[in-house]
Amino acid sequence: MFSRRSKRIPARTSGELDALQSAGEIVGRALQAVRLAAAPGVSTLELDAVAEELIRGAGAQPTFKGYEGFPGAICASVNDVIVHGIPDNETVLAEGDLVSIDCGATLDGWVGDSAWTFPVGEISAEATKLNDATAWVLSEGLQAMVPGNRLTDVSHALELATWAAEEKFGVELFIVDGYGGHGIGRTMHEEPYLANEGRPGRGPYIQEGSVLAIEPMLTLGTEDSAVLDDDWTVITGDGSLASHWEHTVAATADGPRILTPRYD
């Protein structure tokens with residue numbers, strides 16, 4: 001399948017994948033706990049406390065907290081915030097908000113990383129279409145995470161799914177420029193960077209045991225973004241709504257394995 005000189009995304013052993021999933025399952029539980037706590041009148045800092053308590057109670061550490069100075073256990077991004085929203089007391093949820101929560105947990109030296117976006121109460125039809133489409137794009141795109149594919153085969157699958165989602169969900173979508181997924185393992189951000197669009201057949205090969213964090217970010221109005229003065233918060237360039245979904249995924253002989261499951 002590969003020549004001796006082929007560059008490949010590193011492979012994890014079966015035991016290492018299990019360790020990554022143990023961390024990922026904690027992330028999944030933290031995300032669900034945050035979702036249950038999210039309601040009008042609740043601040044994003046309160047949501048952050050919910051996630052941190054669950055992560056530490058499971059014997060893990062909140063990966064985001066202290067990462068390059070980031071103060072929170074989660075990224076809490078509301079409405080036109082695409083990613084990296086800092087939890088605070090001033091951001092209080094309201095009926096109709098669209099909230100993205102990105103969360104990481106480190107357990108026994110292995111990292112889980114996942115994000116999902118959910119409504120607070122009733123949201124607009126357009127917001128629902130955007131969010132459903134982004135979730136679907138992730139589910140479609142991760143199907144390219146199979147041994148023998150190359151990195152940008154995943155990028156291209158995400159791009160094709162985005163255009164298909166426009167027809168499927170009846171909404172115009174924009175792929176946020178300059179942001180994407182990444183390798184993950186002992187640290188949260190490892191090589192390679194995974195773009196959310198691009199030509200197929202490029203970059204390192206995916207092999208059995210390769211792991212990527214795959215995270216499409218879509219908006220209703222623009223591919224452009226801006227970073228606020230806090231040097232973290234990324235907003236849409238035109239104030240339009242954004243949605244962000246992410247799973248940590250391994251390539252296996254049996255197909256893609258989601259390492260950050262969210263069990264009902």
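Ala-161 is located in helix 4, in what is a predicted model. With a relative accessible area of 5%, Ala-161 falls under the 20% cut-off and therefore counts as buried. Setting aside residues up to four places away in sequence, Ala-161 touches Trp-136, Val-137 and Glu-140. Glu-172 is eleven residues from Ala-161 in sequence, and the two C-alpha atoms are 13 Å apart in space.

Which residues are in contact with Ile-214, leaving aside its neighbours within four places in sequence? The list includes Leu-138, Leu-142, Met-145, Val-154, Leu-158 and Leu-194. Trp-245, Glu-246, His-247 and Val-249 are also in contact with Ile-214.

The protein chain has four helices and 15 strands. Its radius of gyration is 17 Å, close to the 18 Å that the globule rule gives for 264 residues, so the chain is as compact as a globular protein of that length. Taken along the principal axes, the box filled by the C-alpha atoms is roughly 55 × 45 × 35 Å. Of the 264 residues, 52% count as buried. Among contacts with a separation of 6 or more, 72% are accounted for by residues 24 or more positions apart.

The chain has 17 positive and 40 negative side chains. The centres of these two sets of charges lie 13 Å apart.

Is Ala-125 buried or exposed? Its relative accessibility is 55%, over the 50% cut-off, so Ala-125 counts as exposed. Along the chain, Ala-125 and Val-171 are 46 residues apart, and their C-alpha atoms are separated by 9.9 Å.

Pro-87 is found in the loop between strand 3 (81-83) and strand 4. At 8% relative accessibility, Pro-87 counts as buried, because buried means under 20%. Not counting residues up to four places away in sequence, Pro-87 touches Thr-44, Leu-45, Asp-48, Phe-70, Gly-72 and Ile-74. One of these, Asp-48, is 39 residues from Pro-87 in sequence and 6.4 Å away in space, C-alpha to C-alpha.

Arg-199 sits in the loop between strand 8 and strand 9 (211-214). Arg-199 has a relative accessible area of 58% and is therefore exposed. Arg-199 and Ala-19 are 180 residues apart in sequence, and C-alpha to C-alpha they are 33 Å apart in space.

Most residues other than glycine have a negative phi, and most peptide bonds are trans. Where is a cis peptide bond found? The bond from Glu-191 to Pro-192 is cis, with omega near 5°. Pro-192 itself is in strand 8, residues 190-195.

Two aspartates have a positive phi. For Asp-108, a residue other than glycine, phi is near 55°. Asp-108 is placed in the loop between strand 4 (98-107) and strand 5 (110-119), and with a relative accessible area of 65% it is exposed. Asp-231 is not a glycine either, yet its phi is positive, at about 70°. The loop that holds Asp-231 runs between strand 11 (225-227) and strand 12 (234-236). Asp-231 is exposed, with a relative accessible area of 64%.

Note on methods. Residues numbered from 1 in each chain as written. Predicted model: local features only at pLDDT ≥ 70, side-chain atom pairs only at ≥ 80, totals over all residues. Heavy atoms only, no water. Rg over C-alpha atoms; globule rule 2.2 N^0.38 Å. Buried < 20%, exposed > 50% of the residue type's maximum accessible area, 1.4 Å probe, protein only. Contact = heavy atoms within 4.5 Å. Lys, Arg positive; Asp, Glu negative; His and termini not counted. Charge placed at Lys NZ, Arg CZ, Asp CG, Glu CD.
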